[in-house]
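Hi,

Here is the structure I promised to pass on. Have a look at it first, and my notes on what turned up follow below.

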Amino acid sequence: MREKIMDRLAEAVKEAVGIGCVVHFLKSEKNNGLIFQSVVIKEPGTNAAPLIYIDSIMERIEVREISLKDAAKEIASTYKNVKYSYNQKIHDVISNISREYVLENVVYQLVNAEKNMRFLADMPHKDFLDMVAVYRVVVDSTESENVSFKVKKSLCDTLSITEEELDAAASQNTEKAGFCVKSIASIMTEITGIPMPEEYDTDIPMFVITNPKRFNGAAAMLYNSCFSDLAEKFGDDLYILPSSIHEVLVIPAGNREPDDLRDMVCLINASEVAGDEVLSNNVYRYSSKDRILSIV
């Protein structure tokens, strides 16, 4: 049934784009092994085209929430907005990739080890607790978009980059980009525009750590310096809750029960976090004495 819908959708997209393009469908694997259905629209004379994910559109078609014609118009509109975006930018970089470019622009991405086991054999990576740090080359980064690609072993072999060189560059570049530590109160003020009372931070001493772009900011967990100042401020160990691959929540350990915190993390991961952005269901503890991070 879905294959027939996709055949008809392809024809409708061709008509909506109206440029003699080629339309075909791909299944793309993203973080945590999740498979997404995407459509590729390729104009004549072009060497690259953006992937447009259409799982939600397909579901809407199947329940007759949207017609094929309207779905095609929606896809065509998305294509026109992003056609010189992710894939094209990456193609332009990769076609002229150099050893220097990779080492100057590679950063860490922290992901779940078990859920990404299948593709790790083809990628340089560094084990970290129940997670792994993989390497991404940032092509373009703005407030609304982050264009990057994962580094594979084949690229390192082609450019004669050792894993030690790659890791040293990623460590330096990630740290240089910096991290942000914000209280929940300050974040609520940013969102609502209403200043939160000072006691808010006292009643709910919770902080968010990410990077300035709020993209793959959970890599902060690789740097103990991100937690040492907070631990000193509270005179206590810290619990770190992995809210996604993009950020982590930090609270003073106090008398909190880690099992309750773990239940909360699991619930939020299951109901609030996109499947390809889940980092871990575990809770971590930063020891102010030993200055190390461990799984609770």
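Which residues have the most contacts inside the largest nonpolar core? Before I get to that, keep in mind that this is a predicted model.

The residues in question are Met-221, Phe-227 and Ile-240, and the core they belong to has 41 residues. Strand S6 (residues 131-141) gives the largest share of this core, with five residues. There is also a second, separate core of 23 residues, and Val-13, Val-23, Val-39 and Ile-57 are among its members. As background, nonpolar side chains in soluble globular proteins tend to be buried together.

Phe-227 is a handy place to start clicking around. Setting aside neighbours within four places in sequence, Phe-227 is in contact with Ile-209, Ala-220, Met-221, Leu-238, Ile-240, Val-250, Tyr-286 and Leu-293.

Next, strand S10. This strand covers residues 238-244, and seven of the seven are buried, so S10 is largely enclosed by the rest of the structure. What does S10 pair with? One partner is strand S11 (residues 247-252), which runs antiparallel to S10 and is joined to it by five bridges. A hairpin of two residues links S10 to S11, and Leu-241 has Leu-249 as its bridge partner in S11. Strand S12 (residues 284-287) is also antiparallel to S10, with three bridges between them. In that pairing, Tyr-239 sits opposite Arg-285 of S12.

A polar atom of the Asn-173 side chain lies 2.9 Å from the backbone oxygen of Val-106. Not counting residues up to four places away in sequence, Asn-173 touches Leu-103, Glu-104, Asn-105, Val-106 and Val-107.

Last, the cysteines. How many disulfides does the structure hold? The count is zero. Take Cys-226: the closest cysteine sulfur, in Cys-180, is 9.8 Å from its own sulfur, which is too far for a bond because a disulfide needs the two sulfur atoms within 2.5 Å. Cys-226 is also buried, at 11% relative accessibility. Cys-21 is buried too, with a relative accessible area of 7%.

That's the lot from me.

Cheers

Definitions and conventions: Residues numbered from 1 in each chain as written. Predicted model: local features only at pLDDT ≥ 70, side-chain atom pairs only at ≥ 80, totals over all residues. Heavy atoms only, no water. Buried < 20%, exposed > 50% of the residue type's maximum accessible area, 1.4 Å probe, protein only. Helix = DSSP H or I, 4+ residues; strand = E, 2+ residues; numbered from the N terminus. Pairing = 2+ DSSP bridges. Polar contact = N/O pair within 3.5 Å; in protein donor to acceptor, adjacent residues only side chain to side chain. Contact = heavy atoms within 4.5 Å. Core = buried A, V, L, I, M, F, W, Y, C linked by side-chain atoms within 4.5 Å.
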